[in-house]
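Hi,

Here is the model I promised to pass on.

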Amino acid sequence: MSPLLEIRKLGVHYVTARGTRVNRAVDEVSFSLDAGETLGIVGESGSGKTTLALSLLRLLPTAARFASGEIHFEGRDLLTLSDKEMRKVRGKRIAMILQDPMASLNPLFTVGNQVAEPLRAHEGATRKGAWARACELLRSVKIPAPEARVKEYPHQMSGGMRQRIVGAIGISCEPRLLIADEPTTSLDLTIQAQYLNLLRDLQKAHGLALIFITHNLGIVAKMCDRVAVMYAGRIVEAGPVKQIFDAPAHPYTRALLESIPRMSDSRRRLTAIDGQPPDLAALPAGCAFHPRCPVAVDRCHEEAPPDVTVAPGHFGRCWLAVHANGGGRA
Amino acid sequence: MTTPVVEARRLSKLFPVKGGFLGRSAGVVRAVDDVSFTIEQGQTLGLVGESGCGKTTTSKLVLGLEEPTGGSIRFEGQDLQELDAAGRRHYRKSVQAVFQDPFASLNPRMRVGAIIAEPLVTNESLPDSDVRKRIAQLLELTGLPERSADLFPHEFSGGQRQRIAIARALALSPRLIVLDEPVSALDVSIRAQILNLLRDLQAQLGLSYLFIAHDLAAVAHMSHTIAVMYLGRLVELGEAGELSRAPKHPYTKALFSAALPSHPDERREEIILPGEVPSPLRPPSGCRFHPRCPEAMARCSTEEPQLRPLEGRVVACHLFN
């Protein structure tokens, strides 16, 4: 069976008005996702994770260009679709949840209106039918008294409730893929736990494939089957979550895991990563991580490492992994 | 035993809410209600809780930015209310703060040297050469290159800006620094640098911290003692390691069970609380947590539990009476 989503060597560049500067925000990114599976995309700000998510929906800002690659979704390359065809994918087959629910909801329309909108647009539902369905959707995201809530406006709700409304809009047309970009960063801890459980329930009930865009490895540990770690626009490591936590192949992943405080061994000194994430407009030569890498060798300064398979389904982009593997390429 | 740096006793802060007809008072928000804690010299008190629990108001009370409505704060044994003008000045110099967003807390039009020196210039009359020496010292202490003094904040990354904010907080050699979410605005790979720096400075200078953060693992990592607040009340307070390993109060349990795992195999008992934090304008009767509490009893809705000592910590819950 072919995967639900398959991305091949995707490159997205930001170009300045005069075309003098090119930022490779997403560079040679490949991954695939099966139906019902959860993939975490982890990275720091500027690593390209949000650009990657937006490119799946072809919602990139005007300065961005698709430079290379293919995005196969349900057997079609999304990059070859017309705008009209793409509109039928967006919100219907692929939906997205953004970080700040107040920014994704329109303050001037009732919640019911906004949950019903995609149903009216994509499924030609009648006003009445869409409204009834909106009530049902609010119930499915566990909003108490949905019949009363549909008539309310976003400002009358708490942050956690707003984010659940956004979730209800996301699943309204029964998409196959839901992309969640830092969906719980603005929520309190106990509300975050509620929301993550809700997403998991919705995923099970609808057989959704989920992509979690996050900087938080804890969310990955809790929610995801597989994870892709991004650094400076590239996926530097990808594989099953457990394997990556147990045996990270890339020094960046390893350093990230070691730099995070854990509840169990408090007051241990953290292993800090020196330096700071690079400027995409002036990437270092060779491997982009080499200036911060504790184990960099000469080759890392000159030549970008290829993808290597370190274990079944587990890839790393590092010269050390190449050498450990006897030079076998993926 | 040495006197604690800060001792808060039965502290409360009420905010009247204006509203209704002709701005008549519509009630009060008990932002901080009967909260007591101590911060020992060279130690860190971690303060956790969700939005609206009173963490920020507590930190403002400690910083002297708000006057308490009830209770008292003692600084090195001295009641703040009894301080004269000179004592008050000394207090303000001894208690400094580092905030969450180093992009908002540094003036973009001032050079870093001037930012760091500002507390010195306004509080002490030092000759220029001494100020310059102190700036160089502070930059070194916080791991910034010496030439930073002549640059502007926009020339620095988030992590470096937070170092500048820390250097400024250290300028007057304070005894206590209030750290309000000091790393949550920073990139993940930078956070450890700043947490380590804060720990090193504490060891080197004998500083005390009041550490406020959402990330429970970071709080457990940094703190000697942890205080948990819910809707303005202190619900549990105890030694950091024990409290995070074996929380007693049902709210603390739920809060720590909601913390994200550090490994996919780490499975802890998951307690998902129903509902959301109620409005502090109309807190529930009895124990404020009872409508969401999985272990609530009849008594919880009528009688407010008091903090009682329990196995080396204090807990406010009827379960332990």
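Below is what I found, starting with some ground rules.

This is a predicted model, in which local features need pLDDT of at least 70 and side-chain atom pairs count only at pLDDT 80 or more, while totals for chains, interfaces and linings use all residues. Residues are numbered from 1 along each chain as its sequence is written, and chains are lettered from A and ligands numbered from 1 in the order in which they are written.

Chain A

Chain A has 13 helices and 12 strands; helices (H or I, at least four residues) and strands (E, at least two) are DSSP runs, numbered from the N terminus. Its radius of gyration is 21 Å, which agrees with the value near 20 Å that a compact globule of 330 residues would have. That radius is taken over C-alpha atoms, and the globule rule is 2.2 Å times the number of residues to the power 0.38. Along the principal axes, the C-alpha atoms of chain A fill a box of roughly 65 × 50 × 40 Å.

An open sheet of eight strands runs through chain A in the order β6-β7-β8-β3-β9-β10-β12-β11, with mixed pairing (two strands pair if DSSP finds at least two bridges between them). Its edge strands, each pairing on one side only, are β6 (94-97) and β11 (308-311) of chain A. From one strand to the next, the twist averages 20 degrees. Within chain A, β7 (residues 177-181) and β8 (residues 209-214) run parallel and are joined by five bridges, and A:L178 stands opposite A:L210 in β8(A). Helix α7 (residues 159-171) of chain A lies across β6 and β7 of chain A, at about 175 degrees to β6(A); axes are lines fitted to C-alpha atoms, for helices over the stretch in contact, and angles run from 0 to 180 degrees between N-to-C directions.

Chain B

Nine helices and 12 strands make up the secondary structure of chain B. Its radius of gyration is 21 Å, close to the 20 Å that the globule rule gives for 321 residues, so chain B is as compact as a globular protein of that length. Buried residues account for 45% of chain B.

β7(B) runs parallel to β6 (residues 95-98) of chain B, with four bridges between them, and B:V98 stands opposite B:L179. β7(B) also pairs in the parallel sense with β8 (residues 208-212) of chain B, over five bridges, and there B:D180 stands opposite B:I212.

Where the chains meet

How many residues of each chain are in contact with the other? For chain A the number is 36, and for chain B it is 35 (contact means C-beta atoms, placed from the backbone, within 7 Å). On the side of chain A that touches chain B, the elements giving two or more residues are α8 (189-206), α9 (217-223) and α10 (241-246) of chain A. α8(A) gives the most, with seven residues.

Best wishes

Key
Buried ≥ 20, exposed ≤ 12 C-beta atoms within 10 Å, placed from the backbone. Contact = placed C-beta atoms within 7 Å.
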